[in-house]
Amino acid sequence: MIGLLFIIPLAIYYWIVSTIAKGTFRWARNRGKNPWLWSSFIAVALLAPVFWDFIPIHVLHKYKCATEAGFTVYKTPEQWKTENPGVAKTLVPTVNPKIIRNGDVVNLEMNQRFIWEIESKQPVWHILYKKEDRIVDIKNKEVVARRVDFRAEVRSIMHSTNIRLQDYKIWMGTGFCSRSDKSSWLVSGESFLSFESLIKNLKD
């Protein structure tokens, strides 16, 4: 049923564009003009208001994923332990941590020394957003690891009270960056989540 809300208007829209383009083709041919040029121009002009941002968003998402996304470790657990002798054995993993919001940043306590910072809505362009996950030493505000990701967000019109025009463009959503290039998402065989577990359980 929900799909029909999108399919039917798009089908009507396509029919209107197709009909006008075909009419333009015949009009141009009868007047000795280039029918393909004129019909293509009309089709692009009619499609642009709806689809103008499709290609730029997907190209920019792919570019950002290729150049900026990935997992980076600035300090390994072993390095941290060496710089903070005896501290690791005093740390206790936090069970069911409270969610603490600081503006657009969400903090989750991992243990007495580290937090997981999540900043998920950093605007890049239009509906493309940057998401950062950071593991931070709260004593000196040092980031020991970071994961950067990107996605074009289309809100669900069924579960959002602040619907935007672009939320009806269901083809715009990209999801997060591909994990196919393991070199960008693994450091010494560890993913961000497995590294987070190591830091949370430093005592072990």
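Select Phe114 to begin. Beyond its neighbours within four places in sequence, Phe114 is in contact with Trp80, Glu109, Ile135, Val136, Asp137, Val144, Ile199 and Leu202. Keep in mind as you look around that this is a predicted model.

Together with Phe114, they have the most contacts inside the largest nonpolar core, a group of 17 residues. Colour β3 (105-109), β4, β6 and α6 next: each of them supplies at least two residues of this core. For a second, separate core, pick out Ile57, Ala69, Ile127 and Val148, which are among its eleven residues.

Next, show the strands. Six of them make an open sheet, and reading across you meet β1, β6, β5, β4, β3 and β2 in that order, with antiparallel pairing. At the edges you will find β1 (70-73) and β2 (99-102); each has a single partner strand, so one side of each has no neighbour in the sheet. On average, neighbouring strands here are turned by 20° against each other, direction ignored.

Zoom in on β4 (residues 114-125) and β5 (residues 128-137), an antiparallel pair joined over nine bridges. Here, look for Pro123, which stands opposite Tyr129 in β5.

Finally, bring in two helices. Select α3 (residues 54-67), which packs on the sheet and touches β4, β5 and β6 (142-152). The direction of α3 makes about 155° with that of β6. Then select α6 (residues 192-200): this helix lies across β1, β4, β5 and β6, and runs at about 25° to β5.

Technical notes: Residues are numbered from 1 along each chain as its sequence is written. This is a predicted model: local features need pLDDT of at least 70, side-chain atom pairs count only at pLDDT 80 or more; totals for chains, interfaces and linings use all residues. Side-chain values use heavy atoms; hydrogens and water are left out. Two strands pair if DSSP finds at least two bridges between them. Helices (H or I, at least four residues) and strands (E, at least two) are DSSP runs, numbered from the N terminus. Axes are lines fitted to C-alpha atoms, for helices over the stretch in contact, and angles run from 0 to 180 degrees between N-to-C directions. Contact means heavy atoms within 4.5 Å. A nonpolar core is a set of buried Ala, Val, Leu, Ile, Met, Phe, Trp, Tyr and Cys residues joined through side-chain atoms within 4.5 Å. Buried means under 20% relative accessible area, exposed over 50%, partly exposed in between (1.4 Å probe, protein chains only).
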